[in-house]
Amino acid sequence: MKDALVELQHITKAFGENVVLDDLSLAIEENEFVTLLGPSGCGKSTTIRIVGGFEKPDQGRVLFEGKDITDVPPNRRNLNTVFQKYALFPHLTVGQNVAYGLVISGKTDQYIRDKVRYGLKLVNLAGFEDRRIESLSGGQQQRVAMARAIVNEPKLLLLDEPLGALDLKLREEMEYELRNLKEELGITFLYVTHDQEEALTMSDKVVVLNGGYIQQMGTPEEIYNEPENAFVASFIGDSNIVPGKMVRDRLVEIYGVPFPCVDEGFGENRPVDVVIRPEDLILREPGAGKLDGTVISNIFIGVHYEMQVAAGGFEWLVQNTVSHPVGEHVSLDVIPENIQIMKRPASEDEEALALDV
Amino acid sequence: MKKALKNIYLIIILLFLYMPILTLVVLSFNQSKSMFKWTGLSLRWYRELFSNGEILRAVWNTFSIAFCAAVAATLIGTLGAIGLQAMKKRPRNLILSVNQIPLLNADIVIGISLMLTFIAAGLYLSWGTVLLAHIFFCLPYVLLSVMPRLRQSTASTYEAALDLGASSFQAFLTVVLPEIWPGIISGFLLSFTMSVDDFVVTHFTRGAGINTISTLIYSQVRVGIRPVLFALSTLIFLVVLLALLVSNRMQRKEETA
Ligand SMILES: Nc1ncnc2c1ncn2[C@@H]1O[C@H](COP(=O)(O)OP(=O)(O)OP(=O)(O)O)[C@@H](O)[C@H]1O
Ligand SMILES: [Mg+2]
């Protein structure tokens, strides 16, 4: 296998008593779009700042193309950052902002002019060279920050919640543009967000962080369909997380009812957590499914109806395009492939960590 | 009617504000030495002013000290502000409150304590001790006008500059300095004004031989003020007025730019 572009090895970082990252290891392959996902304060920015060289890890090393760069200052790392708050230079024009890195590295005037024009065109701001920063909208400032970083042709681009300050519509547009930009430039992205939709939409690999640990790492599909623990399951989308008992391989008991499933290797009669996505629950005639219950709420949320069904002592969240009125008796069913089994955390400590959203 | 009233009101206020200065200006052109009798227009006092070595020396002392003190205080204060900004919150707030003490302290206490310190340190009271004293009381003003500028996101733009390949010195010159420049300028101007304006501290730290404009005038009050000093005050007033107009003009330009 080829060497990773960036490798974080056993990084530990604390601010005073507050241990933010605890023995974190992570590899980023060349040309990959990796997203760090986690709730506010979980250490996403800290991780990205360690890669950028703005924080020193207390322990561990940062490798870039196989070389140890832990002690290399930020200005001598072959990467650029789009900061959480853009950090544009307010006294310079848009063009001068974008040109900053090129001027510092002593490029010719002609090269700089062409590159600035190219960079601004790439982010759909052609002709904005002479505008002042404060005359731009949030989305435009965000794109100037992008252009300022990419004209330097870094190997790696770090993006710290670049879309955090934008409204929903603009954010969706920018997600699309970012993805395009990445394809066009062929550079590696390390992206930070606390928005799970953003992470799932854009990334090749999602790294879910919480409490200083990596909770799960994988493709968006893996993270969504096969969450490894309750934290990931509840953080990524809506889901029903219920206690269950793994009777044997391929059979789990939920609220006393046996459900066939596809998971193996959990042992026999072991307590587990079961995750079922609301869109995977099927509503049948009473008696025709596995768990009988009653619809207790029903709201229309756009494409489908979101209903709550009380069955087996749990209020199940169900999403369906067919509406079932409140009070109707129904029966819940689910196909084996849509049942996701997770190991129950062994100690209370581990559980607290996992559920500390 | 209402408008006329408004204008009259405005004129009264302006008269009230500028009457004393106007009196001074008029009297500086009076031919006689009297403060009450107008005996005719003359430039006599202006001529005397420019041939009076003592006054010219005092003018020179005043402005050379003000300039040097403002430069030194601005330099030290700006560097201090940057250092403070990088400190942890607690020690920073502690130092900032200590910084307030010279601002609130009575001039006379500062003057006497500085004088005692200089003497205890074996310094001969002279131009140099006045300069040191002025740097001392100007510093807090510089710190106060530069600090707020530094708080505004400067740390993150500085990091952005590093990220784009600038060395820390380049980043300071191209990003931090332009952002805090207005604070530095206003710190400099404040210091300059405070220094020119000062009487009490100068009085205690100047020693025997040297005078600034304010101490000179004070020493002459006892023997009777000569209209030469009116002429001097008029000139100073004009210089200040000019500086004000220029700075206003510059500000307006910046706003429209
Ligand atoms: N310079 C610092 N000094 C002290 N504590 C810090 C410092 N920087 C970060 N922290 C703390 O480290 C923790 C993680 O911060 P970090 O900025 O990495 O979070 P984040 O995941 O980026 O959160 P957000 O989504 O809100 O940006 C927080 O508890 C924060 O208070
Ligand atoms: Mg952050």
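Modeller: A residue counts as buried under 20% relative accessible area, exposed over 50%, and partly exposed in between (1.4 Å probe, protein chains only). A:Asn269, with a relative accessible area of 45%, is therefore partly exposed. This is a predicted model, in which local features need pLDDT of at least 70, side-chain atom pairs count only at pLDDT 80 or more, and totals for chains, interfaces and linings use all residues. Residues are numbered from 1 along each chain as its sequence is written, chains are lettered from A and ligands numbered from 1 in the order in which they are written, and side-chain values use heavy atoms, with hydrogens and water left out.

Biologist: What is the phi of A:Asn269?

Modeller: Most residues other than glycine have a negative phi. A:Asn269 has a positive phi, about 55 degrees, and is not a glycine. A:Asn269 sits in the loop between strand S13 (257-260) and strand S14 (270-276) of chain A; helices (H or I, at least four residues) and strands (E, at least two) are DSSP runs, numbered from the N terminus. A:Tyr86 also has a positive phi, of about 65 degrees, and lies in the loop between S6 and H2 of chain A.

Biologist: Is A:Tyr86 buried or exposed?

Modeller: A:Tyr86 has a relative accessible area of 9%, so A:Tyr86 is buried.

Biologist: Which residues coordinate the magnesium ion?

Modeller: Donors are N, O and S atoms within 2.8 Å of the metal (3.2 Å for Na, K and Ca); water is not among the atoms, so sites may look incomplete. Here A:Ser45 (OG) and A:Gln84 (OE1) coordinate the magnesium ion, ligand 2, at 1.8 to 2.6 Å. The two residues are 39 apart in the chain: A:Ser45 is in helix H1 (residues 44-52), A:Gln84 in the loop between strand S6 (79-82) and helix H2 (94-104) of chain A. A:Ser45 is partly exposed at 23%, and A:Gln84 is partly exposed at 36%.

Biologist: How many salt bridges are there over all chains?

Modeller: Side chains of opposite charge can pair when their charged atoms come close. The rule asks for a side-chain nitrogen of Lys or Arg within 4 Å of a carboxyl oxygen of Asp or Glu, and the count over all chains is 19. One of them joins A:Lys44 to A:Glu161 (3.9 Å, N to O). This pair spans 117 residues, from helix H1 to the loop between strand S7 (156-160) and helix H5 (168-185) of chain A. A:Lys44 and A:Glu161 are both buried.

Biologist: Which residue forms a salt bridge with B:Glu159?

Modeller: A:Arg49 does, with the closest N and O atoms 2.7 Å apart. The count between chain B and chain A is 1. A:Arg49 also meets A:Glu55 in a salt bridge (3.3 Å, N to O), and the network of salt bridges links A:Lys13, A:Arg49, A:Glu55, A:Asp58 and B:Glu159.

Biologist: What is the area buried between chain B and chain A?

Modeller: Buried area is the accessible area (1.4 Å probe) that two parts lose on being put together, summed over both. For chain B and chain A it is about 1600 Å², with 61% from carbon and sulfur atoms. B:Glu159, B:Asp163 and B:Leu164 supply 44% of what chain B buries against chain A, more than any other three residues.

Biologist: How many residues of chain B are in contact with chain A?

Modeller: With contact meaning heavy atoms within 4.5 Å, 17 residues of chain B touch 18 residues of chain A.
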